[in-house]
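Colleague: I'm new to this one. Could you show me how to read a couple of its features?

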Amino acid sequence: MKLLISADMEGISGIVDWEQVTPGHPEYMTRSRKLMTGDVNAAIQGAFESGADEVLVSDGHWNARNILLEELDSRAKLNSGSPSPFAMLQGIDDQPPPDAVMLVGYHAAAGTKKAILDHTWSDHRIRAAYLNDRLVGEIGLNAAVAGHYEIPVIALTGDQHACQEGQELIGAALEIAGVKNATGQSAAQCLPLAEARHKICEAAARAAIKFREGKAAKPFKVEMPVRLAVEFVYTRHCDRAFLIPGTERISGTRLEYAAPDMVTAHRTFRAMATISRD
């Protein structure tokens with residue numbers, strides 16, 4: 001059993017503020033990268049304890065150079081650096097491909113009430129994203145890419161809202177580990193690290209066992225062609241993203257794009273996010 005762990009930072013144990021997840025800030029440099037690596041190690045441990053033969057980790061935050069390789073469980077391989085073809089899911093198209101995906105340190109979609117650092121790819125530029133009129137965040141976008149390859153997302157860790165978003169999207173069979181209880185966008189009651197890592201390890205282990213027994217969550221698939229819609233924060237962001245051929249401008253801040261499949265929709269979304277930068 002080969003597993004891909006996609007790791008973000010906003011949903012990591014103890015993370016509550018943008019400064020903690022921004023490269024160059026002292027707290028990011030001295031604490032946050034260690035916290036992220038620790039949560040990922042807990043998931044790796046649970047995966048191997050429950051029968052995984054291989055674990056691949058994809059660093060999915062910012063420039064994808066956050067996880068400390070020197071402190072990462074030596075049984076796992078790390079995809080690091082940006083840009084890469086599949087970003088947060090780099091390795092999804094490997095040969096042989098992963099059997100299942102785990103999402104560690106994920107956050108809720110932009111606009112979620114009282115969720116830690118809620119956003120969808122960029123809190124500065126993107127207000128919302130839709131797949132076939134269904135509102136999605138990074139959980140949905142990445143689960144849909146995995147689903148394109150018939151690969152399920154079987155576990156997720158983050159705050160209570162990210163966990164709820166994942167189960168509403170993917171189903172109750174998704175194993176979750178809530179590591180903090182958000183009370184605002186930058187405030188939460190955080191579990192002690194030992195307890196949080198135990199929960200992550202246990203969730204990963206349960207997910208791997210359920211997958212082996214055929215009881216895990218099923219792949220999240222969207223109907224093709226995929227109608228991608230992106231709502232930007234300001235019209236200037238939409239102005240720039242509209243330069244992408246094939247986009248249709250619905251309003252001052254909304255673009256739509258008809259993609260033949262989810263991989264194309266995902267790449268187009270990333271292109272929109274990139275080209276719209278100030």
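Modeller: On a 1 Å grid over the protein atoms alone, a cavity is a set of points where a 1.4 Å probe fits but cannot get out, and lining residues have an atom within 4 Å of a point. Grid points are joined across faces, edges and corners, and a volume is the space filled by probe spheres set on the points. This is a predicted model: local features need pLDDT of at least 70, side-chain atom pairs count only at pLDDT 80 or more, and totals for chains, interfaces and linings use all residues. Residues are numbered from 1 along each chain as its sequence is written, and side-chain values use heavy atoms, leaving out hydrogens and water.

Colleague: What volume does the largest cavity have?

Modeller: About 40 Å³. Its lining includes Met102, Leu103, Ala155 and Ile200. Strand E4 (100-106), strand E7 (153-159) and helix H4 (193-212) each supply at least two lining residues; helices (H or I, at least four residues) and strands (E, at least two) are DSSP runs, numbered from the N terminus.

Colleague: And how do I read two packed helices?

Modeller: Two packed helices are described by the angle between their axes and the distance between the axes. Axes are lines fitted to C-alpha atoms, for helices over the stretch in contact, with angles from 0 to 180 degrees between N-to-C directions. Here, the axes of H2 (residues 138-148) and H3 (residues 160-170) come within 10 Å, crossing at roughly 40°. That makes H2 oblique to H3 (under 35 degrees is roughly parallel, over 145 roughly antiparallel, 65 to 115 roughly perpendicular, the rest oblique).

Colleague: Which residues meet there?

Modeller: Ile139, Gly140 and Ala143 in H2 meet Ala162, Glu165, Gly166, Leu169 and Ile170 in H3, where contact means heavy atoms within 4.5 Å.

Conventions. On a 1 Å grid over the protein atoms alone, a cavity is a set of points where a 1.4 Å probe fits but cannot get out, and a pocket is an open set with protein on both sides within 12 Å along at least five of seven lines; lining residues have an atom within 4 Å of a point.
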